[in-house]
Every structure is written in structure tokens, then in C-alpha cells.
Amino acid sequence: MSLSCQTISTRLGVLKLNCKGLLCLLVFTISVCGSASGLCPTACICASDIVSCTNKNLSRVPGTLFKFIKRLDLSYNRIAFLEPEWVPVLFDKLNTLIINHNSISSIITGSFSTTPNLKYLDLSSNNLKTLGSPLFQELRVLEVLLLYNNQITQIDSAAFGGLYKLQKLYLCCNSLSHFPLDLYIGKHKLTELVLLDISYNHIQSVPIQRISLVPAKQLSGIYLHGNPFYCDCTLYSMLIYWYHRHFNSVMDFKNEYACVLRSDPKGSNKLPLLHDNFLNCSESTINVSFHAFGFIHEAQVGERLIVHCDSKISDAGTYFIWVSPDNRLLEPDKDTDTFKVFHNGSLEIIDPQLEDSGLYSCIAINKRRLLNETIEVRINVSNFTVNRSHAHEAFNTAFTTLAACVASIILVLLYLYLTPCPCQCKTRRRKRKLPQSSAHSSILNSTPSQDPPADEKKSSSGKRVVFLEPVNEPKQGQNGKVRLFPKETVIAESILKTTRAKSDSDSVNSVFSDTPFMPSS
């Protein structure tokens, strides 16, 4: 069948028209796409979705970059600070941003609003000194943040607020003096954080009791080596526990853990912290730390006890098995009269008895990740009733001893300070001593006495006076001393009776006088 020339010419005209329209559409599309996506800057190297602008003396991000890039490297430039406009356009597909080895000294809130889908951010080797709050709140899906080799001395508790997906945080080689506990405990804690590197800072002590509350999944990724710790038995116990749990943070850097004595604040003599227990830490101190970290559990007879299997691989799909001290396998959904294992790995001892004490092993198995871990836990069961009776007996004995001591002290004080001897008794004793001394002096004194007045003679008429005279010849062995009453006979004795009524001057001189008696003529 043949075609007419008119038909052929008509079809050729349509074909030419269609070709022109298609060519114009193609040129328009290329121009639009080219203007929308941008071009590779002359100072950068572009490879598909990767752009490298390293060491090009840049102070901000070039504005002609492709919008579909996923990785941007701006290292070794002279970027001084980050502000909301430092990235000129929105890069919603960018997931890796490298800005290390610049001169960044400050970060303003909102600096990452144009890069909301970052998963990897490298800000290492800059001049950052403090991290205020909040700085990275736009990065909701960030997983890795590198801040090592800066000059950071202080981190605000909310500096990392909003980083709910953050898994690794590198703060090595800064000037931090306190452990950033807010990353694990508090309002802005990061529940997905499995690695925290704060090695080679200025940290001297660690809040061990509070760190013990952190799950092993996060605890195993805390790197503390290279810090000038004070030598402390509690810190030593924590690191030994980590070593027994095979935490890589201690296993790989065992020789990098050192401490200084408190008497050497300059740290001129660093001592190895994990070698030979040179601190001579007592077993009780180590056990306290083991209690805090869940290695040792105490139970009472008859009181229900639940022990958690704090494994590093407690992900979804992890299967837990417990092994009792008598090598019985305890698995979920296979309960016994005494034990029950939950799917989250916890072990319940329903009615603990003394024979249930011993070393238990929890085995965590994750077939999907091809991982397994064994955690050992020691359970001590004691009888509270027996302990209480012993304690009561000890208390009674101590109380009795204390009461006896107090009573003895009171009696001694009464004897010393409350003796029943008033001042009158002391006066009488003095008066009684005076006559005895005058008796001796009356015998030995040869001074004649003077006659007393007449009134005094009358008043003394009713007295009985005893006269004592010395022995003429003292017997041998007396050394010439006077004997008042010798054993053989009385030398001289005279009694003046009360019938004498006349003036009786000799009645005045008595044994109470200091002068010898002179008979009247």
C-alpha cells in the first residue's frame, strides 16, 4: 500500500514538531535540575553523594553544593564559630558532617537546624571550652558525636538534651574535672548511650555509688583510663568488678589505669591501680562495692528474692538461662517450687532456704547477633530469727556490763564527795587532840603555874583531876621516853574529891593544863 506525498509530508511535520518540543523540554529540565541541585565548588572534590572540602581555608559552607549529598567533610579549615546561617541551605539528606581541626570556639543554639538528619557529627580538635544548653536539640537521630581533643572544662546538664538516639560520645583529651553523671541519671539522660569515652581528662574521683545504678549495657562502655585518680579502695573494687565482667574499657586499657596518693597532689609519682592490690584493700570494702553492683545479694529465709541478670546484650530476642549452685538449669516457662525465671532474665527465689546459698550463673544468648555472656551472682541466705536472738543476747550482756560500770562510778563519787562528816565533827576531833598534847606537856614542863582568879576557882570545884608523874628510872629499851601507863604498876595517881570546899588552887592545874601541878604548902 502506498502513501501519498501529502500524507508523508504531514507526518514528517508532526514528527519535526514533536522532536523540537522534546528537545526544549529536555533542556528546561536540565536547567531546572542544575539550578536546584547546585554544582560542585571548585575548592571541593565531589564524588556522587560525597563532598570533600578539606584544607581549603574555608570559613563557611559553600552555597553551591548538591542538595542530595550525604557526607560533607570540612576538616582543616578556619571555621571559627557555628551559627544558624553557617549552612546556607537545607541539607535534609546529609547524615555525616566532619568539621574537625578548625578553630570553632562556640556553638550557638540552632546551628544544626539545616542539617536535621545527621547521624555522625565530628567536632574534634577545635577550641571548645564549655557546652551550654541545649546545643544539639535539632539532631534527633544523631548516633555518634565526637568532641575529643578540645578544651572543654564544663558541660551543662542539658547540653545533650534531645539526643535520644545518641549511642557513642567521645570526650577524650579535654579538661573535665567531674564525671558527667547527668548522661545516665536525671531528666536529660541518654538511654541509648553505650559508649562514653572520658579518658585523659582531669577527673580525680568518680561517684561510684550512683554509677552502680547504671545498667551493664551502658556501664561496659565507660572508658576512664588516663585520669589522675586518687588511690581509693572503692574505685579499685569497681574496676576489679569491671575486669571480672570482661568490660573492654578495662580489659583493653588495664595498664593505663593509674592513681596518685592524696599526699602527692601534684601527681609526681603515679602508681598502677590494677596491679597486685598494693592498696591492701580489705575484703569488706570490696564486698560493699560488689553489693552495690549486684554481684552479691543478701536474702532472708522465707522472704522472696528477685535477682536481675544485668547483661550487656539484653536486646530484644535475648534468651536467658540460669544455673543454680547444684548445676540445675533454670529456664523461662519451666518453673519449680523454689525458682522462677522471667523472659527478661530475672530470677525469682520464692522461698529461700539456707541451702539455696551459693554462686549462680546467668547465661544470656542472642542468636541473631551471635553473642553470649555469662554473669555470676552470689546469693547469701541467712536466718534472721537466729541472728536476732544472738544479737539480743549480745545486747543484754553489753547492757549489764554497762550498768555495772555506771553503778561503780556512782558509788565511788558518793564515797569521795558525800562522806557524812560535817564541820562540827572535825572541830570536836581537833579539841580532843589538844588535851592529849597538853597532857604530855604538863608532865614535861617545869614552869610554875600562876594562880587563877577567885571566880574561876569557885567554878572549878566539882572537877576530877588525874595526876600523872614520870617514871624515875626508865627501863632499858625506852630510849629515855616517858611512859604514861607502864604494864607493871601505876607510878602515881591522886584523886581530888568533890568534898573539898575551901580554896583549892591545885584543882585548877589538871591534865588539861600546860604547866605541872605544884602542891600547896
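**Reading salt bridges, cores and a patch**

Biologist: Which side chain meets K334 in a salt bridge?

Modeller: Side chains of opposite charge can pair when their charged atoms come close. Here the partner of K334 is E331, at 3.8 Å from N to O. The rule asks for a side-chain nitrogen of Lys or Arg within 4 Å of a carboxyl oxygen of Asp or Glu. It gives four salt bridges.

Biologist: What should I know about the model and its numbering?

Modeller: The model is predicted: local features need pLDDT of at least 70 and side-chain atom pairs 80 or more, while totals for chains, interfaces and linings use all residues. Numbering starts from 1 along each chain as its sequence is written, and side-chain values use heavy atoms, without hydrogens or water.

Biologist: Are K334 and E331 buried or exposed?

Modeller: Buried means under 20% relative accessible area, exposed over 50%, partly exposed in between (1.4 Å probe, protein chains only). K334 counts as exposed because its relative accessibility is 52%. E331 is buried, at 18%.

Biologist: Which parts does the bridge between E373 and R245 tie together?

Modeller: First, the terms: helices (H or I, at least four residues) and strands (E, at least two) are DSSP runs, numbered from the N terminus. The side chains of E373 and R245 meet at 3.1 Å, N to O. E373 sits in strand β24 (residues 371–382) and R245 in the loop between α4 and α5 (248–251), so the pair links parts 128 residues apart in sequence. Both E373 and R245 are buried.

Biologist: And where do E348 and R304 lie?

Modeller: Their salt bridge spans 3.2 Å, N to O. E348 is in strand β22 (residues 347–349), and R304 is in the loop between β17 (296–300) and β18 (305–307), so parts 44 residues apart are tied together. E348 is buried, at 9% relative accessibility, whereas R304 is exposed, at 55%.

Biologist: Which residues have the most contacts inside the largest nonpolar core?

Modeller: In soluble globular proteins, nonpolar side chains tend to be buried together. A core is a set of buried Ala, Val, Leu, Ile, Met, Phe, Trp, Tyr and Cys residues joined through side-chain atoms within 4.5 Å. The largest one has 79 residues, with L121, F136, F160 and W242 making the most contacts inside it. Helix α4 gives the most to this core: seven residues. A second, separate core has 19 residues, among them W322 and F339.

Biologist: What does F160 touch?

Modeller: Contact means heavy atoms within 4.5 Å. Neighbours within four places in sequence aside, F160 contacts L131, F136, L145, L147, I155, L169, L183 and L190.

Biologist: What is the strand order in the open sheet of three strands?

Modeller: Strands of a sheet pair through backbone hydrogen bonds, either parallel or antiparallel. This sheet runs β14-β15-β16, with mixed pairing. Its edge strands, β14 (229–230) and β16 (271–272), each pair on one side only. Pairing needs at least two bridges found by DSSP. Two bridges join β14 to β15 (residues 258–260), and these strands run parallel. F229 stands opposite C259 in β15.

Biologist: Which residues make the nonpolar surface patch?

Modeller: Patches use residues with over 30% relative accessible area and no salt bridge; like charges are joined within 9 Å, nonpolar side chains (Val, Leu, Ile, Met, Phe, Trp, Tyr) within 5 Å. Areas come from the Shrake-Rupley method with a 1.4 Å probe, and for residues only the protein chains shown count as cover. This patch covers about 1,300 Å², and its members include L402, V406, I409 and Y415. V406 lies in helix α7 (residues 384–417). V406 is partly exposed, at 43% relative accessibility.
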